[in-house]
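The stops below go through selections one by one, with what to look for at each.

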Amino acid sequence: MSDPLSLRAGAETEAAALPALLARAEHLAGAVLLGAHGRRRAGSGDDFWQYRPAQMGDSRRAIDYRRSARGDTEFVREREWQIAQSVMLWVDQGASMRFTSSENFPQKIDRARVLGLALAILLNRGGERVGLTGTELPPRAGRPQIMALAQLFCRDDTTDYAPPEHRGMIPHARAVFISDFMGDLDGVRTALTKAADRGVRGVLCHVLDPAEEAFPFTGRTIFQSMGGTLSHETLKANDLKERYLERLAERKAELQSLCGLTGWRYGLHHTTNTVQAGLLWLYGALDAKAVAA
C-alpha cells in the first residue's frame, strides 16, 4: 500500500503533466479540418438497439426504469446511433513505452498519449462518444469526458509490458489500440478475438522508436527493459541484429494477420514521423467503411 507522501507526489506529477498534454492534443486536433459536419452520420437515430446492464459512468437519466423494475438489475435502453458512435481507446501505459533512443525523439508513450487524446477530441467534436476499454471510463460525450481521459492518460503503468484491456467492449462499437506491442501477443490476440465476437471493429496503431527498427547497436551492449525486470549483456551486439530484425518482422506480420482475421486495420507509426500524419491516418482508418471487414 502506498503511503500518503507517495500518493501526493504521484498526484502532483499527474497534475503537472495534464495541462501540457491537453494543450498539445487540442492544438493538434485544431489543425485538422473536419468539414462542416465532422463525422456525424445520417441515420434512424432513435431506433431501439438493445437493453444492457447499467455501467459506471451512465447517467441516471439513461436508466430505463420500466425494464429495470422486472428484477434487481438496472438497465440502460440503448439506441442504434449511440452504439455506432461509441469509440473505446486503449493507450499502452507500460514501462516499455517510455523508451526513446535520442533526446531529439519523443518517448513512445508521449506520442501515444497525444495521438489518443487528440483523436478523442476530434471524435467528440464530431458528436461521438469516447471512452476507455474496460470499466473505468465508459464512452460518453462532452468536455468533462476529455478532461477525464487526459487525466487517466497521465498515469504510468509499472509493468514492463501492459496487455490490452478488453473488458467492457460495447457490441458493434469501434476501438483503437495504441502500443509498441512489444509484450506477449497473447493479450492482443485475446482482445481482438473478444472484440470480433462482439462485432467491434477498430484500429491497431503500432508505435516504434527508429532504433527499434534499425537496431544500431554494436560491440559490448547491455539491453535492459524500461521497468528493470529484464537484462541481457552481450559483447557482440551486431551479431544479434539479423535475428532481432527477423523477429520484429514476424511480430508485425502476426499483428497484421490478427487484424485481417478480425476486421481491424493495422498501421505503423514511428516517433520520428510527424504527429499530424499519425493523427490523420488514425482518423481516416477509424472511418466505418475503412474498418469494415
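Buried means under 20% relative accessible area, exposed over 50%, and partly exposed in between, with a 1.4 Å probe and protein chains only. Select Phe177: its relative accessibility is 0%, so Phe177 counts as buried.

Two notes on the source come before the next stop. The model is predicted: local features need pLDDT of at least 70 and side-chain atom pairs count only at pLDDT 80 or more, while totals for chains, interfaces and linings use all residues. Residues are numbered from 1 along each chain as its sequence is written, and side-chain values use heavy atoms, with hydrogens and water left out.

**Aromatic rings**

Rings of Phe, Tyr and Trp (its six-membered ring) pair if their centres lie within 6.5 Å; planes under 30 degrees apart count as stacked, over 60 as edge-to-face and the rest as tilted. The structure holds 2 aromatic pairs. Trp90 and Phe177 are edge-to-face, at 5.5 Å centre to centre with 80 degrees between the planes. Trp90 lies in strand β3 and Phe177 in strand β5, so this pair ties together parts that are 87 residues apart in sequence. Helices (H or I, at least four residues) and strands (E, at least two) are DSSP runs, numbered from the N terminus. Trp90 counts as buried because its relative accessibility is 9%.

Phe177 and Trp264 make a tilted pair, 5.1 Å centre to centre and 55 degrees between the planes. Here Phe177 in β5 is linked to Trp264 in the loop between α8 and β9, 87 residues apart. At 5% relative accessibility, Trp264 is also buried.

**The sheet**

An open sheet of 5 strands runs in the order β4-β3-β5-β6-β9, with parallel pairing. Two strands pair if DSSP finds at least two bridges between them. β4 and β9 (265-270) are the edge strands, each pairing on one side only. From one strand to the next the twist averages 20 degrees. Axes are lines fitted to C-alpha atoms, for helices over the stretch in contact, and angles run from 0 to 180 degrees between N-to-C directions.

Zoom in on β3 and β4, which run parallel and are joined by 4 bridges. Leu89 stands opposite Leu132 in β4. Then select residues 241-262, helix α8: this helix packs on the sheet, touching β6 and β9, and its direction makes about 170 degrees with that of β6.

**The cores**

A nonpolar core is a set of buried Ala, Val, Leu, Ile, Met, Phe, Trp, Tyr and Cys residues joined through side-chain atoms within 4.5 Å. Which residues have the most contacts inside the largest one? They are Leu89, Leu117, Leu119, Leu149 and Ile178, in a core of 40 residues. Elements giving two or more residues to this core include α1 (4-30), α5 (143-153) and α9 (275-285). The largest share, 11 residues, comes from α4.

A second, separate core has 20 residues, among them Phe181, Val188, Val200 and Trp264.

**A buried polar contact**

Finish at Glu128, in the loop between α4 and β4. Glu128 is buried, with a relative accessible area of 0%. Show the side chains of Glu128 and Arg174: a polar contact of 2.4 Å joins them. A polar contact is a pair of N or O atoms within 3.5 Å; within protein, one must be able to donate a hydrogen and the other to accept it, and residues adjacent in sequence count only if both atoms are side-chain atoms.

Notes
Contact = heavy atoms within 4.5 Å.
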